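I opened this model to look up a few points about its helices and its sheet. My notes follow in the order I took them.

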Amino acid sequence: MKWQNWISLTIVAMILPSAAFADEWPGSFLARVEATALIETLNAELLSNPSATLTLERWCGAHRLATEAKVSAHLVRGEDRQIAPEDRQRFAVSADEPVRYRRVQLFCGDRLLSEADNWYVPSRLTAEMNRLLDETDTPFGRAVKDLEFQRQTLKVTPLWRPLPEGWELEAAQKDGTGALAVPDHVLEHRAILYTKARLPFSIVVETYTKHMFDFPLNAAK
């Protein structure tokens with residue numbers, strides 16, 4: 001049976017994602033161009049899909065960030081943030097209508113891909129959806145998927161620009177050395193979710209981390 005175990009371990013090693021981190025990307029001009037393209041690609045995919053959870057799973061699978069491309073949510077308990085008055089107006093609810101807050105960290109394997117702050121109107125969800133959100137770590141998009149919801153992005157904030165200002169004039173001539181300095185957070189999206197009947201029920205702020213890019217960059221080869 002030993003040889004069978006050896007074969008199994010060999011197969012697992014072959015399918016495991018390569019050990020790589022965004023922190024290991026080179027600081028070359030080419031690497032910065034590729035990193036910029038990746039940021040834009042990630043942003044475009046998030047904008048084109050109503051479910052950030054599904055987008056993260058597709059990204060995780062395409063870039064082999066984990067052995068299984070499945071996003072898990074870790075509910076951060078004990079935090080409560082009041083909804084901004086203008087966001088309550090977006091919900092078109094009265095001042096005494098309950099609005100709940102939920103914060104989760106979204107992982108693929110052991111990689112923290114994003115952190116999400118979510119305000120939602122529980123009266124616009126089913127009892128089972130509210131139970132999942134209150135009692136479990138289920139990602140928000142997965143918990144409310146039966147609403148066939150739509151997403152409208154309110155604001156996109158790039159938190160990292162790999163190419164410095166004036167790169168088109170100077171950067172190509174000053175190729176960097178060492179590793180590329182990637183900040184912990186690279187992109188932020190603020191969006192409102194609507195039911196199929198176009199009833200707003202959730203506002204979410206999603207902050208995406210550098211671990212979205214934990215894979216070998218072509219420029220590093």
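This is a predicted model: local features need pLDDT of at least 70, side-chain atom pairs count only at pLDDT 80 or more; totals for chains, interfaces and linings use all residues.

I looked up the bridge partner of Leu-75 and found Val-104, in E2. E1 and strand E2 (residues 100-108) pair in the antiparallel sense, over six bridges. I then traced the whole sheet, which is open, has six strands in the order E1-E2-E3-E6-E5-E4, and pairs antiparallel. Strand E1 (71-76) and E4 are at the edges with a single partner strand each, so one side of each has no neighbour in the sheet. From one strand to the next, I read an average twist of 25 degrees. Helix H5 (residues 127-135) packs on the sheet and touches E1, E2 and strand E3 (111-120). I noted about 70 degrees between the direction of H5 and that of E2.

Entry on H2. Helix H2 (residues 29-47) has 19 residues and reaches 27 Å from first C-alpha to last, close to the 27 Å expected. Which residues of H2 are buried? I listed Ala-31, Ala-35, Thr-36, Leu-38, Ile-39, Leu-42, Asn-43 and Leu-46. They lie on the same side of H2, because they cover an arc of only 160 degrees around the axis. Their cover includes helix H3 (52-62) and strands E4 (150-158), E5 (185-194) and E6 (200-209).

Entry on Thr-53. I found Thr-53 in helix H3. Thr-53 counts as buried because its relative accessibility is 7%, and the cut-off is under 20%. Leaving out residues up to four places away in sequence, Thr-53 touches Val-71, Pro-139, Gly-141 and Arg-142.

Technical notes:
Residues are numbered from 1 along each chain as its sequence is written. Side-chain values use heavy atoms; hydrogens and water are left out. Helices (H or I, at least four residues) and strands (E, at least two) are DSSP runs, numbered from the N terminus. The expected span of a helix is 1.5 Å times one less than its number of residues. Buried means under 20% relative accessible area, exposed over 50%, partly exposed in between (1.4 Å probe, protein chains only). The arc is that of the directions from the helix axis to the C-beta atoms. Contact means heavy atoms within 4.5 Å. Two strands pair if DSSP finds at least two bridges between them. Axes are lines fitted to C-alpha atoms, for helices over the stretch in contact, and angles run from 0 to 180 degrees between N-to-C directions.
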